[in-house]
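This report describes how the ligands sit in the protein. The structure comes first, then the surroundings of each ligand.

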Amino acid sequence: MFSNAMASSIFNPCSIITASQAQPTSSSSRPSQLLSFLHSTNPAGPVVDLKLSAASSSWGCQDDSKQSLSRCLAANITSSALKTAESSRETSSLLSAEGVSSSGTRPTILVSEKLGEAGLQLLRSFGDVDCSYDLSPEQLCEKISSCDALIVRSGTKVTRQVLEAAKGRLKVVGRAGVGIDNVDLQAATEFGCLVVNAPTANTVAAAEHGIALIAAMARNVAQADASMKAGKWQRSKYVGVSLVGKTLAVMGFGKVGSEVARRAKGLGMHVIAHDPYAPADRARAIGVDLVSFDQAISTADFISLHMPLTSTTSKIFNDDTFGKMKKGVRIVNVARGGVIDEEALVRALDSGKVAQAALDVFTEEPPAKDSKLVQHENVVVTPHLGASTKEAQEGVAIEIAEAVVGALKGELSATAVNAPMVPQEVMTELAPYVVLAEKLGRLAVQLVAGGRGIKSVKVVYQSARDPDDLDTRLLRAMITKGIIEPISSSFINLVNADFTAKEKGLRISEERVVVDASPEFPVHSIQVLISNVDSKFASAVSENGEISIEGRVKYGVPHLTRVGSFEVDVSLEGNLILCRQIDQPGMIGQVGNILGQGNINVSFMSVGRTVRRNKAIMAIGVDEEPDKEALRKIGTVPAIEEFVFLKL
Ligand SMILES: NC(=O)C1=CN([C@@H]2O[C@H](COP(=O)(O)OP(=O)(O)OC[C@H]3O[C@@H](n4cnc5c(N)ncnc54)[C@H](O)[C@@H]3O)[C@@H](O)[C@H]2O)C=CC1
Ligand SMILES: O=C(O)C(=O)COP(=O)(O)O
């Protein structure tokens, strides 16, 4: 019905988007329904406006739905890899829970760096695991197009080129560790590739390594060891400094930072911390004062770095900031090399401003053999060993294997980095509404006559629940999927829905209306409105001039309940014929006959009218697609004023 060529006319590329991030206004009283926007790190940012309003409704109660979510989520999250750019616009093929794709093959999981055996076993039970370590970027690009998942540590650069080379097959990149600075998140998001990490299993290992480096540096352990092995006995040369009573500034008070702080307190150090996002009460609970960046670096004897490498933290330790430190300060870095301007650190070491540094991480890894920093006599180095304990590596391997397998099964991961984390209970509850959302989007876009581009779509969720108690991101993503996929070559999933909408100049605004219905059900109805377009079915246009359709879930099945200002009730399964006619006897029979002659099975039929014997809409669900002749005959029924056939 719609060709790809129509995409450009439907989406006006010149349209302007006003994007604003939806934020929860307060915390939810129902934990399972918490909005998790704070966890969303989608670099593209959602292209949504969110407006809350309250109204009451006398509509009947919401029907129950306990439909399984696996299929729709798999469609939602894993469609990318299962579709190549050239693939058809059919509903995404899905991976089953046993790891067998719809084509009967097991997923291929490429592990490009050493991973603990327990994790590998878990992966092997689900898919075909290819452990290929030390691949060159070219080799990785070559291999990746036949992989559904890629598992890396810090040594593999997952660049845009790699993601492009995946040709749409790669569903998930698993980072077996915390830092995701080696993964191009923007590109992954654009390609609809989920990125997950293993954020907790190596925390203690990294913190212990930080403490080990602080102590080793303070007591010259590495230098003294090297000296003895060279046959020397230099007791006076390696007099150290004590830790007790010294001030340690923890820069980045996250998981590792707070564990370092806890341990440093045990060593009798006075610990302060800087972290713009850390809650003060968590710091207080450990006996740590949160202070400003300048206060932290200017009062500390030891500075330990524990922030992620981002555009904000890149080279945050530079000539200027070293200048603000106490003379003789000691610096430890087990976070990322890139947070330090390494040339500036060499200068600060040479001048004595920084007495010593202990470094586990480097801007380039491995650093050049003749690196002045590595060779500096006041520097102790380890080759990125923070996470390298047996325990941490086993833990990380299991954590990432579970996340990757979950993603391949179509589940949303709790450790998703470029997609919203939606709690499992929320996903289960929203399952039937997710199906409804996609079908409404798919239906609404087919009612657009082309000509003018779609710039603005409004989605109204009616719900009896508090607006903060309804997480609509899954629904929004599926509506976006339903709108965009029929008319473009893009595939949409939860990872790239907002990005793709923005790219296509499509603004999706959301409104939640509180209605008087049963709060047991998350959504009472979903309305999709497209403004400033012409419709090929004039009756779908509401009094406000917008294409307007509305649906509800009834007994677990999505139903279309309103078209324009006509109430209908037809289950959204198979295909749909909408006819506007003069409200008179015999209409159902006439159209039914035509369909019967064409061997088209009618699954559902409903007539809605505004005024008796005036105009009515007949909504007919059909299992098969009517041929041209059947459609032509429907058009010749005298009382039928307009009709449209819609694929769901
Ligand atoms: N050397 C190694 O083998 C390992 C290194 N790491 C690295 O350690 C770092 C911390 O890891 P986690 O504690 O697990 O992460 P995390 O996410 O729990 O903590 C990072 C903290 O840094 C804070 N932060 C962000 N921007 C900041 C800024 N401009 N100034 C101060 N704080 C800022 C965040 O608010 C957060 O609390 C990461 O860079 C990670 O990649 C982690 C594990 C092993
Ligand atoms: O988890 C992290 O951020 C780390 O830096 C650990 O890196 P690795 O997995 O040991 O290459």
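A polar contact is a pair of N or O atoms within 3.5 Å; within protein, one must be able to donate a hydrogen and the other to accept it, and residues adjacent in sequence count only if both atoms are side-chain atoms.

## Basis

This is a predicted model, in which local features need pLDDT of at least 70, side-chain atom pairs count only at pLDDT 80 or more, and totals for chains, interfaces and linings use all residues. Residues are numbered from 1 along each chain as its sequence is written, chains are lettered from A and ligands numbered from 1 in the order in which they are written, and side-chain values use heavy atoms, with hydrogens and water left out.

## Ligand 2

Oxygen atoms of ligand 2 make polar contacts with the side chain of Arg-153 at 2.8 Å and with the side chain of Ser-154 at 2.4 Å. Gly-179 contributes a backbone N or O atom, 2.8 Å from a ligand 2 oxygen. Alone, ligand 2 exposes 320 Å², of which the protein buries 91% (Shrake-Rupley method, 1.4 Å probe).

Residues around ligand 2 (a heavy atom within 4 Å) include Arg-175, Asn-202, Arg-336 and His-384.

## Ligand 1

Ligand 1 is surrounded by 25 residues, and Lys-255, Val-256, Asp-275, Val-334 and Asp-360 are the closest. Its oxygen atoms lie 2.8 Å from a polar side-chain atom of Lys-255 and 2.8 Å from a polar backbone atom of Val-256. The side chain of His-384 has an N or O atom 3.3 Å from a ligand 1 oxygen. Of the 850 Å² that ligand 1 exposes when taken alone, the protein buries 88%.
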